[in-house]
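Work through the exercises below with the structure open. Each task is followed by a stepwise solution.

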Amino acid sequence: MNWKDLKDSPHRRFNPLTRDWILVSPQRAQRPWQGKVEKVAEPPSVQYDPDCYLCPGNLRARGHRNPAYSGTFVFDNDFPALVPETPPAIADVENLILARSEPGVCRVACFSPRHDLTLSRMKPAEIEAVVRMWMDQARGLAAVPWIRYVQIFENRGALMGASNPHPHGQIWTNSELPNLPAKEQASQEDFLAREGKCLLCRYLGLEMESNERVVCENNSFFAVVPFWALWPFETLVLSRRHLGAFDDLTPAEQVDLADILRRVTIRYDNLFENSFPYSMGFHQRPSDGQPHPEWHFHAHYLPPLLRSATVQKFMVGYEMLATPQRDITAESAAARLREMSEVHYLDRPG
Ligand code: H2U
Ligand code: ZN
């Protein structure tokens, strides 16, 4: 059977970053839907919300007042999942009841003072300022000796559990490598040792050759629907150059990163003409003082919407108990995203 036939019938695809398999069932995209209908998420209509705990000048839940900020604004999470002054402790009963204390730092990063904006509707220069803020945060936190990993991410939309539509992301840091970066690190390390080259540099080369799953590109970055995509319109943003971390971005690459994030999120919003929900985050080399030549800087966009603003993907049943599965192929998702306009539907003239 050749690849063309394989594409239309059930098959498994391998994720070389996590070394997991996913099930692809392209024929199921046609099935009727009588399930849950989600409410269409509309962006807020006001630039300032007196009740928003992220808007400039407002009081937060624990009594701190936000400054009258005009660009980005970062603060320590008032309800952090991890705290720096966690005392070291270990529990270990026959490797079955096993626990370790975990110190960390959690921050909230506002992208804009405007309550009604999203990254997709901010100006290029404003998104570049967000990229520089991420770089400063990554650099500062990575310099803390016990911090081994800086995870920068954004939850967008109530569907993804974001508590507030005000444009913001989060930064969590750990003293240990979190699960997914640890898996990706092991795969990249093995690939480099075995093949003598970087896993994601090589993968990007293959995507550039086939051009089947590329969504958009600029001088420094590519957005592709990865071959092993699990979420319906999942994308992977890859640097052309072998960068390891935020710290390695040149000024031109900072501008290009802002550009590709803007264009990917505009395409997302235009897909169903809503404020498209997703979780996204950057993966970069750990800050453990090692050179990590295997690490290739990238961002994952993991959006749950499947067929419309009201039909989303859930991980249930077989997926919770056996193997995750998707109905639309990475190739058809990439084709849909590729044909989307790069003018945001709310900013169309007329
Ligand atoms: P999400 O919307 O991405 O879930 O995150 C918002 C974070 O803001 C959340 O982690 C924090 C919550 O703990 N927060 C504050 O730090 N101060 C507040 O006044 C409310 C929410
Ligand atoms: Zn706000």
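**Exercise 1.** Decide whether Ser287 is buried or exposed.

Solution. Ser287 has a relative accessibility of 16%. Buried means under 20% relative accessible area, exposed over 50%, and partly exposed in between (1.4 Å probe, protein chains only). Ser287 therefore counts as buried.

The model is predicted: local features need pLDDT of at least 70, side-chain atom pairs count only at pLDDT 80 or more, and totals for chains, interfaces and linings use all residues. Residues are numbered from 1 along each chain as its sequence is written, chains are lettered from A and ligands numbered from 1 in written order, and side-chain values use heavy atoms, without hydrogens and water.

**Exercise 2.** Locate Ser287 and list its contacts beyond four places in sequence.

Solution. Start with the loop between strand 12 (278-283) and strand 13 (298-302): Ser287 sits there. Strands are DSSP runs of E, at least two residues; helices are runs of H or I, at least four; both are numbered from the N terminus. Next, apply the contact cut-off, heavy atoms within 4.5 Å. Leaving aside neighbours within four places, Ser287 touches Ala142, Ile147, Arg148, Tyr149 and Val150. Finally, check Ile147: its backbone oxygen lies 2.9 Å from a polar atom of the Ser287 side chain.

Definitions and conventions:
Polar contact = N/O pair within 3.5 Å; in protein donor to acceptor, adjacent residues only side chain to side chain.
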